[in-house]
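These are my notebook entries on a few places that I looked up in the structure.

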Amino acid sequence: MIKDEKKLNVTQNPYVLMPILLLIWGSVAAVSKLVLNRLDSYQVLFYMYGLGVVIFAGILVIKAWGKPFKVWRISEWLLVLACGVCTFLYDFLYLKSLELIPAVEASMLNYLFPIFIVVFAIPIHKERLNTYKILSIIMGFAGTILLITKGNVNNFSFTNLRGDVLAILAAVCWGLFTNLVKKNKKDMLVSTFVMTFIAWLLSIAGMLVYSHGKMLQLMDFYGVVWLCLSNIVFGFFLYFRALKYSSASLIASFTFFAPFVTLVFIMILLGERLSWLEGLAAVLILFSVPVQKLGDVIRKRRGGLL
């Protein structure tokens with residue numbers, strides 16, 4: 001049972017954690033595209049996960065490394081192993097899609113992952129897909145499409161089928177990852193370290209087979225550091241924290257804010273104005289979460305009356 005948001009403190013409330021996370025996520029696609037101009041996806045993953053392993057290992061040493069492992073069962077190890085594989089596949093498939101297709105196109109297809117979060121939540125967490133959740137998904141997805149295509153949906157063509165499929169598969173992986181990691185009840189820091197270490201091992205294997213080692217230039221280093229912090233260190237902590245105290249469906253609704261946050265950054269940094277179509281898209285996205293919350297309130301009141 002998810003705790004009532006009214007009883008959650010600031011560090012547990014998804015309405016606080018998710019906006020911070022989305023601000024961090026807003027720049028990931030652009031930074032990834034810039035880094036991929038000088039490094040291939042295998043090299044980016046190797047350095048990104050490697051740096052994440054070093055950071056988490058340092059934190060664990062400070063916090064008495066080893067103690068949380070003593071009570072782990074085989075099933076718990078297998079769950080974390082599956083989560084590590086899913087997070088690697090998500091980053092790998094998304095970066096490969098960015099190598100093949102424009103960032104806007106890859107992002108649009110990647111924004112399908114809230115749909116898959118809700119879909120996987122039904123069999124894994126037995127969440128019910130009520131009318132309000134369906135409406136929330138439709139509003140968020142419609143706003144995402146309208147925002148990215150600027151209303152020109154009929155003339156929007158995909159440039160590379162392989163890249164499109166990879167971006168969609170990445171969305172599937174993140175939807176599965178979100179629901180699997182929500183089942184993990186072990187220490188969050190240790191679990192994140194194990195997942196990152198597993199992903200790093202997979203990135204080493206990929207680089208040895210399909211790529212080669214390469215020394216980082218200063219700008220590449222800055223880009224990889226930001227991807228590590230945004231995707232892994234801060235990203236994992238905020239995402240896992242929000243999932244722990246909220247339903248997967250609510251978190252899925254929040255993720256529809258991602259393209260809107262990106263647009264806000266463009267307006268602030270580049271001075272571009274918001275068109276009426278983009279404004280409509282923003283309204284659809286912004287109200288997708290309150291619609292789901294409204295459904296929860298109405299359902300609770302009906303239950304109280306009964």
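Is the crossing of H5 and H8 right-handed or left-handed? I find it right-handed; a crossing is left-handed if the near helix is turned anticlockwise from the far one by less than a right angle, and right-handed if clockwise.

I note that this is a predicted model, in which local features need pLDDT of at least 70 and side-chain atom pairs count only at pLDDT 80 or more, while totals for chains, interfaces and linings use all residues. Residues are numbered from 1 along each chain as its sequence is written, and side-chain values use heavy atoms, with hydrogens and water left out.

Entry on the helix pair. I looked up the axes of helix H5 (residues 103–110) and helix H8 (residues 161–182), which come within 8 Å and cross at roughly 40°. Helices are DSSP runs (H or I, at least four residues), numbered from the N terminus; axes are lines fitted to C-alpha atoms over the stretch in contact, with angles from 0 to 180 degrees between N-to-C directions. From H5, Glu105, Ala106, Leu109 and Asn110 make the contact (heavy atoms within 4.5 Å) with Asp164, Ala167, Ile168, Ala170 and Ala171 of H8.

Entry on Ala29. I located Ala29 in helix H2 (residues 28–35). Ala29 counts as buried because its relative accessibility is 15%, and buried means under 20% relative accessible area (1.4 Å probe, protein chains only). Leaving out residues up to four places away in sequence, I list Tyr94, Leu98 and Ser107 as touching Ala29.

Entry on Ser191. I placed Ser191 in helix H9 (residues 188–210). Ser191 is buried, because its relative accessibility is 1%.

Note on methods: Helices (H or I, at least four residues) and strands (E, at least two) are DSSP runs, numbered from the N terminus. Buried means under 20% relative accessible area, exposed over 50%, partly exposed in between (1.4 Å probe, protein chains only).
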